[in-house]
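Here is a short briefing on one protein model. Look at the sequence and the 3D view first, then read the points below.

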Amino acid sequence: MDVLVCLKRVPIAGGTFLLTPDNRNIETKHLGFGVSPHEENAVEAGVQLVEQMGGSLTLLTLGPTDSEEQLRAQLAIGASRAILLETDGEDWDPQATAAALVDAINAEETKFDLILFGAESADSAGYQIHVRVAHALNRPIITNVKAMTIADGIAKCERVVGSERELYEAPLPAIVTVRDGLNIPRYPSVPGRIQSRKKPLDIKKAEPRVPKLEKLQLTVAPSNSKGAEILGEGEAAVPALIEVLKKIGILA
Amino acid sequence: MILVLVDHDRGVIDPLSLRALTAARKLSGDVQAIVIGKDGAKVAQEVGEYGAKVLHVATNAQLTDYTPMASGRALLQLVQEIKPEAVLAAGSPRGNEQLAHLAAFMDLPMAAECSSIKIGNPHQVTRARWAANLYEEALVHADLLIATVLAFSVEAEAVGGSAEVKEFEVKLEPADTMVKVLGRAGESKGGGVSLTDAKVIVSGGRGVGGPEGFGILEELAGLLEGTVGCSRVVTSSGWRPHAEQVGQTGTKVAPDLYLACGISGAMQHIAGCKNSKTIVVINTDPEAPILGYADYAIIGDLHKVIPALTAAVKAARG
Ligand SMILES: Cc1cc2nc3c(=O)[nH]c(=O)nc-3n(C[C@H](O)[C@H](O)[C@H](O)COP(=O)(O)OP(=O)(O)OC[C@H]3O[C@@H](n4cnc5c(N)ncnc54)[C@H](O)[C@@H]3O)c2cc1C
Ligand SMILES: Nc1ncnc2c1ncn2[C@@H]1O[C@H](COP(=O)(O)O)[C@@H](O)[C@H]1O
């Protein structure tokens, strides 16, 4: 079973955002980086499949040189190797990103049985790169998956709709996009971290294209912060809270 | 003319599609709609009331369930025939996904989750990023605009009217139905109040300290006829099941009371609870970002405040 996971380096944003002076990007001077939660689940799923069935797990990202940091971190969890399609650091539009991923996948000798994606990227949330890759590779795609089993060349997947679960299946080779909650991503072990530094990581230059979805600038959404009324400190504040619960109709 | 993909579940319309219809009507006097599958014809009346003049019903014996690639094929076929200026859908997982298939078939750009749309050459959109904490102004360079409408950016407005129903047969390719729908099952989660229905949610974060710490939250939630929620740190530590996670990648909730205990208030958490009527915080840190979104706060250790609160609620009930 050969699995590929596509992931993306994104800043770890806390409560608020600062923008760069040209308003085109998030100011990341004081931020750390990671990959979006869905993609952590995708890597964990890949590691589990290879543990169970043997084979290989490859990671693929398109991004700035520093994306090596995220690839090494995920290699430490158990992937076999990684491919970095290096950009100049600018965000690429979804069509350009998908085309570069497709070229890289086609250039591989391994014909991946399963390609995993996050349901959407944390930063740009375009909801489409995986669908474009599926079309280009002529593979079935199941999205938003919360549970998955692979057996006899078939992927069986569940997605949640309202209070029900929809069950799907598709023949391999297939593409599956996963959501947070699929599994609990493990932390890298110390030996895992040490090995990750020596695992193969191919760096290829990616040629940009003229964006068809062209970002002009970003704006920060106005905060709807109201500022809480402080009822007091510790247990002493409980009577004040009881009054609030009466006022809002929770207590008679 | 603008074509709107109206989503339905076995003939029951997705309310977000009514918002997408309203967004389309504000851009053009000529709005048509498409539904996938014969059952879709059941929504004709609503679609007309919300401003569409024509409802195209895409039929094929194989279109009995949600099959997004086949939806893309149906959209492609109709777009080539009626040549709209724009195709819109709701900014929901299904809306985004089905339009992504259309965009992939046509190799055209798609702008997801737009809060504003101006049709032109190029088209201008504003779209949500980072769970709508940031917006991106962008140009879409294509004749046909493919975009989804950010859920809460427009209210649905009925205008009265009726839609002429036109059926058409979709010519599917074998690839369109490679994914098979096996069926549906009830949610695996056991009894009790579900997060989306709960009037009271007692939610715990890292500050709860471990799985056993949730006992006092459960007791309080039970007393208030509510349920327990949690932050992502809690689910990714394995303390609680993912079904209880509130937030961008968890569940979006809107209870009367959201009691956030030991939760800092990262924007991805706020994205899931900001529609609560009243937010009350229990946190040791008076600077925690969640105070900015809350109505009331107690500064203190949840392990002391919650048992005291539970006792006081019992006392108040007599
Ligand atoms: C793309 C993306 C999606 C995400 N989706 C979600 C999501 O759906 N839901 C979600 O929750 N998070 C989500 N996150 C994670 C989010 O960014 C935060 O990491 C997470 O919400 C923090 O959880 P927390 O508040 O429990 O922990 P922390 O941020 O560590 O906060 C703990 C809080 O507890 C307080 N505290 C500590 N001890 C006590 C005590 N004894 N009594 C009272 N208070 C105490 C502290 O002062 C602190 O404020 C997402 C992140 C990303 C990047
Ligand atoms: N630059 C990238 N490199 C590799 N994979 C990516 C990249 N951007 C997005 N993806 C993958 O595509 C998914 C959907 O992204 P998006 O269409 O931006 O919402 C993400 O969750 C990732 O798995």
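The briefing covers the model's ground rules, the interface, the ligands and some local features.

This is a predicted model: local features need pLDDT of at least 70, side-chain atom pairs count only at pLDDT 80 or more, and totals for chains, interfaces and linings use all residues. Residues are numbered from 1 along each chain as its sequence is written, chains are lettered from A and ligands numbered from 1 in the order in which they are written, and side-chain values use heavy atoms, with hydrogens and water left out.

**The interface of chains A and B**

- The size of an interface is often given as the accessible area lost when the parts come together.
- Between chain A and chain B, the buried area is about 7,300 Å². Buried area is the accessible area (1.4 Å probe) that two parts lose on being put together, summed over both.
- Carbon and sulfur atoms give 59% of that area.
- A:His135, A:Arg165 and A:Leu213 supply 8% of the area that chain A buries against chain B, more than any other three residues.
- In contacts, 83 residues of chain A meet 81 residues of chain B. Contact means heavy atoms within 4.5 Å.
- There are 33 residue pairs in polar contact between the two chains, both residues being at pLDDT 80 or more. A polar contact is a pair of N or O atoms within 3.5 Å; within protein, one must be able to donate a hydrogen and the other to accept it, and residues adjacent in sequence count only if both atoms are side-chain atoms.
- The side of chain A that touches chain B has 39 nonpolar, 22 polar and 22 charged residues. Here Ala, Val, Leu, Ile, Met, Phe, Trp, Tyr, Cys and Pro count as nonpolar, Asp, Glu, Lys and Arg as charged, and the others, Gly among them, as polar.

**Strands across the interface**

- Strand β10 (residues 164–171) of chain A and strand β12 (residues 180–186) of chain B run antiparallel, joined by six bridges. Two strands pair if DSSP finds at least two bridges between them.
- Strands (E, at least two residues) and helices (H or I, at least four) are DSSP runs, numbered from the N terminus.
- A:Tyr168 has B:Val181 in β12(B) as its bridge partner.

**Salt bridges**

- Over all chains, the count is 37 salt bridges. A salt bridge is a side-chain nitrogen of Lys or Arg within 4 Å of a carboxyl oxygen of Asp or Glu.
- Six salt bridges cross the interface of chain A and chain B.
- B:Arg232 forms a salt bridge with A:Asp180, and their closest N and O atoms are 2.9 Å apart.
- Within chain A, A:Glu69 and A:Arg9 form a salt bridge at 3.1 Å, N to O. A:Glu69 lies in helix α2 (residues 68–75) and A:Arg9 in strand β2 (residues 9–11), so the pair ties together parts that are 60 residues apart in sequence.

**Ligand 1**

- Residues from chains A and B surround ligand 1, so the site is shared between chains.
- Of the 29 residues around ligand 1, those that come nearest are B:Arg206, B:Ser231, B:Ser264, B:Gln268 and B:Asn283. A residue is near a molecule or strand if one of its heavy atoms lies within 4 Å of it.
- A nitrogen atom of ligand 1 is 2.7 Å from a polar backbone atom of B:Val246.
- An N or O atom in the side chain of B:Gln245 is 3.0 Å from an oxygen atom of ligand 1.

**Ligand 2**

- Ligand 2 is surrounded by 20 residues, and the closest are A:Cys6, A:Glu39, A:Leu62, A:Gly118 and A:Ser121.
- A backbone N or O atom of A:Tyr127 lies 2.9 Å from an oxygen atom of ligand 2.
- For A:Leu7, a backbone N or O atom lies 3.3 Å from a nitrogen atom of ligand 2.

**Local features**

- A:Arg81 is in strand β5 (residues 81–86) of chain A. The side chains of A:Arg81 and A:Glu108 are joined by a polar contact of 2.7 Å.
- The peptide bond from A:Leu172 to A:Pro173 is cis, with omega near 0°. A:Pro173 is in the loop between β10 and β11 (174–178) of chain A.
- B:Asn121 and B:Pro122 are joined by a cis peptide bond, with omega about 0°.
- A:Asn23 has a phi near 60°, a positive value in a residue other than glycine.
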